[in-house]
Amino acid sequence: MKELIGLSKEELEAEVINLGEKPFRAKQIWQWIYFQGVKSFEEMTNLSKDLRQKLANSFTITRPKVITEQISKDKTHKRLLEFTDGERVEMVYIPEEDRGAVCLSTQVGCAMGCKFCHTGSQKLTRNLTAAEIVGQFMVARDAYHEWPSPTHETRYLSNIVVMGMGEPLQNLENVAKALNILTAGDGIAISRRRITMSTSGIAPQIVPALKATGVRLAVSLHAPNNELRSQIMPINKRYPIEKVLEACKSYQSDDGSRYITFEYLMLKDFNDTPECAKELIALMKKYSLRALFNLIPFNPWPGCSFEPSLPEKVKAFSQMLEKAGFAAPIRVARGQDILAACGQLKSKTTLPKSS
Ligand code: SAH
Ligand code: SF4
């Protein structure tokens with residue numbers, strides 16, 4: 001049995017032709033899966049009974065299984081999902097007033113080992129497939145009853161952030177394939193402008209990633225110099241700040257209209273001083289990037305020695321950046337009580353797998 005979710009349009013068409021059917025049938029199947037959100041071939045009523053049977057004999061349309069759910073006081077909704085091999089990741093829905101974002105994972109665990117990140121404390125098990133990445137979003141659509149794909153602007157699922165477990169640029173092929181499916185106009189149809197992909201800074205992959213996906217870029221910077229950054233992000237030794245910012249620069253020279261978001265985690269007495277803010281401003285000016293900041297409150301977790309910066313420190317830091325001409329909003333911490341901050345996913349202890 002072959003999984004249909006996660007195939008590109010071309011691959012789906014090839015499968016259909018293989019069955020001896022006309023290519024336009026692939027379009028119909030695509031729309032059933034990604035526009036109507038059906039879960040079985042039975043429901044594809046404009047296909048002959050015969051063809052539906054043929055499809056059911058050879059293919060599957062599988063969603064990841066929801067194992068547990070947790071809702072935070074602020075309505076952030078975390079779901080632990082299981083794939084067919086028993087591996088698990090989390091998918092988080094973050095509601096906002098008239099819309100909401102789905103935070104998708106790209107790997108089981110993460111090899112980057114950032115010191116402040118709960119996912120980073122778990123080794124990389126494997127990359128997710130395109131089907132598994134798209135499947136996370138489809139589970140969210142199921143849960144909020146947003147099939148057929150809505151076209152109006154006010155909808156529960158309006159945005160995607162690729163900020164869950166894993167480093168997306170280490171699984172670029174599958175991530176790009178998944179994003180192409182999620183953005184296809186005759187299916188799930190989330191606009192590329194409403195998708196942000198966050199990377200810890202795999203410098204040589206930045207330009208290829210944006211060429212392959214066309215989505216917005218966020219870079220987890222978290223420190224104004226290499227000395228500090230290397231202490232919390234081991235990847236900085238391989239791709240220091242200069243390499244990352246040069247890659248950002250060449251991305252913007254291709255398309256100057258695009259802003260890059262720099263995420264900056266506020267860690268108490270580590271990177272939150274006025275000196276750090278000054279250094280950060282100088283760094284940004286040196287590369288003259290079109291940048292904005294996102295100051296992230298640190299979400300503590302058991303076993304991690306960092307503490308969140310004091311609110312007045314965060315405010316002062318933000319004001320310094322804004323005075324220098326950079327937008328620097330302070331991100332509202334979401335889902336803290338259920339450890340659901342993006343980049344901080346997976347349950348407190350790894351749950352036993354169902355056998
Ligand atoms: N691997 C990618 C995307 C996933 S992490 C990346 O690192 O960018 C998404 C974001 O969550 C990153 O900016 C990451 O630094 C941040 N993050 C990780 N641990 C966190 C924590 N404990 N509290 C708040 N944000 C955290
Ligand atoms: Fe991986 Fe991102 Fe966590 Fe670093 S912050 S360990 S890159 S998921």
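A: A backbone N or O atom of G166 lies 2.9 Å from a nitrogen atom of ligand 1. Before going on: this is a predicted model, where local features need pLDDT of at least 70 and side-chain atom pairs count only at pLDDT 80 or more, while totals for chains, interfaces and linings use all residues. Residues are numbered from 1 along each chain as its sequence is written, chains are lettered from A and ligands numbered from 1 in the order in which they are written, and side-chain values use heavy atoms, with hydrogens and water left out.

Q: OK, which side chain has an N or O atom 2.6 Å from an oxygen atom of ligand 1?
A: That's H222. E167 also has a polar side-chain atom 3.3 Å from a nitrogen atom of ligand 1.

Q: And which residues come nearest to ligand 1?
A: G166, S198, S220, H222 and N299, out of 21 residues around ligand 1. A residue counts as near a molecule or strand if one of its heavy atoms lies within 4 Å of it.

Q: Which residues are around ligand 2?
A: The list is C110, M112, G113, C114, F116, C117, G120, G166, E167 and S200. By class, that shell has 5 nonpolar, 4 polar and 1 charged. Here Ala, Val, Leu, Ile, Met, Phe, Trp, Tyr, Cys and Pro count as nonpolar, Asp, Glu, Lys and Arg as charged, and the others, Gly among them, as polar.

Q: Switching topic: how is the chain divided into domains?
A: Domain 1 covers 2-60 and domain 2 covers 65-338, with bounds from an automatic or database domain assignment. Their centres, taken over C-alpha atoms, are 33 Å apart.

Q: How much area do domain 1 and domain 2 bury between them?
A: About 1200 Å², with 62% of it on carbon and sulfur atoms. Buried area is the accessible area (1.4 Å probe) that two parts lose on being put together, summed over both.

Q: How many salt bridges cross that interface?
A: The rule finds 3 between domain 1 and domain 2, taking a salt bridge as a side-chain nitrogen of Lys or Arg within 4 Å of a carboxyl oxygen of Asp or Glu. D142 and K39 also form a salt bridge, their closest N and O atoms being 3.5 Å apart.

Q: Why would side chains pair like that?
A: Side chains of opposite charge can pair when their charged atoms come close.

Q: And how many residue pairs are in polar contact across the interface?
A: There are 7, both residues at pLDDT 80 or more. A polar contact is a pair of N or O atoms within 3.5 Å; within protein, one must be able to donate a hydrogen and the other to accept it, and residues adjacent in sequence count only if both atoms are side-chain atoms.
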